[in-house]
Amino acid sequence: MHIFDDLDHQLISLLREDGRAPYSKIAAVLGISRATVQTRIDRLLESGAVLGFTLRVRQDYDDRAIRAIMMIEVSGRNTTKVIRYLRGLPELYALHTTNGGWDLVAEIRANSLSDFDRILREVRDVDGVSNSETSILLSTV
């Protein structure tokens, strides 16, 4: 397991802001060499502390997309099986375990109301899902 130091935290913070920033720019901001940036990033990737780099799109970029949060209650000891199934649904953008009254929280993205309706039914039909509550995200403020 990788132990983060202050430089790792600063590096990760810069990469979160701009994952495509040139290593030379990151080095200049942090006051270190480009080779040190390369070595640190390689080590973070190899250790699994950093899983990769991803494209972030503005939430309102595709105003046709339907976004929602779905709280899911799992019955008995089915959580692992339910998670395994739900991870295979492409409309579930993210899946989180949580505490409290709900066992899982899913971030859903669908291209149409009919796709949204289908994914809700599909999640609710999963063996082990006992209850759910969904809220459509209307705007980001």
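I began with Glu91, whose side chain makes a polar contact with the side chain of Arg118 at 2.5 Å. I took a polar contact as a pair of N or O atoms within 3.5 Å; within protein, one must be able to donate a hydrogen and the other to accept it, and residues adjacent in sequence count only if both atoms are side-chain atoms. This is a predicted model, where local features need pLDDT of at least 70 and side-chain atom pairs count only at pLDDT 80 or more, while totals for chains, interfaces and linings use all residues. Residues are numbered from 1 along each chain as its sequence is written, and side-chain values use heavy atoms, with hydrogens and water left out.

**Around Glu91**

I placed Glu91 in the loop between α4 and β2. Helices (H or I, at least four residues) and strands (E, at least two) are DSSP runs, numbered from the N terminus. Is Glu91 buried or exposed? Glu91 is buried, because its relative accessible area is 14%; buried means under 20%, exposed over 50%, and partly exposed in between, with a 1.4 Å probe and protein chains only. I then listed its contacts (heavy atoms within 4.5 Å). Leaving out residues up to four places away in sequence, Glu91 touches Glu107, Ile108, Arg109, Arg118 and Ile119.

**The sheet**

Next I traced the strand order. The sheet is open and has four strands, in the order β2-β3-β1-β4, with antiparallel pairing. Two strands pair if DSSP finds at least two bridges between them. β2 (92-97) and β4 (129-137) stand at the edges with a single partner strand each, so one side of each has no neighbour in the sheet. From one strand to the next, the twist averages 20 degrees.

I went through the pairs in turn.

- β1 (residues 66-74) and β4 run antiparallel and are joined by eight bridges. Val74 has Val129 of β4 as its bridge partner, and Ala68 has Ile136 of β4.
- β1 and β3 are antiparallel too, with seven bridges. Met71 stands opposite Val105 in β3, and Ile66 is bridged to Ala110 of β3.
- β2 and β3 pair in the antiparallel sense over five bridges. His96 stands opposite Val105 in β3.

The hairpin of β2 and β3 has six residues between the strands, and Gly100 there takes a positive phi near 90 degrees.

**Cover on the strands**

Seven of the nine residues of β1 are buried, so β1 is largely enclosed by the rest of the structure. β3 is mostly covered, with five of its seven residues buried.

Helix α4 (residues 79-86) packs on the sheet and touches β1, β2, β3 (104-110) and β4. The direction of α4 makes about 165 degrees with that of β2. Axes are lines fitted to C-alpha atoms, for helices over the stretch in contact, and angles run from 0 to 180 degrees between N-to-C directions.

**Rings**

Where does the charged end of Arg109 sit? I found it over the ring of Tyr93, 3.5 Å from the ring centre. The test asks for NZ of Lys or CZ of Arg within 6 Å of the ring centre and within 35 degrees of the ring normal.

**Tyr23**

Last, I looked up Tyr23, in helix α2 (residues 23-30). Tyr23 touches Arg34, Val37, Gln38 and Ile41, not counting residues up to four places away in sequence. Tyr23 and Gln38 are 15 residues apart along the chain, and their C-alpha atoms are separated by 6.9 Å.
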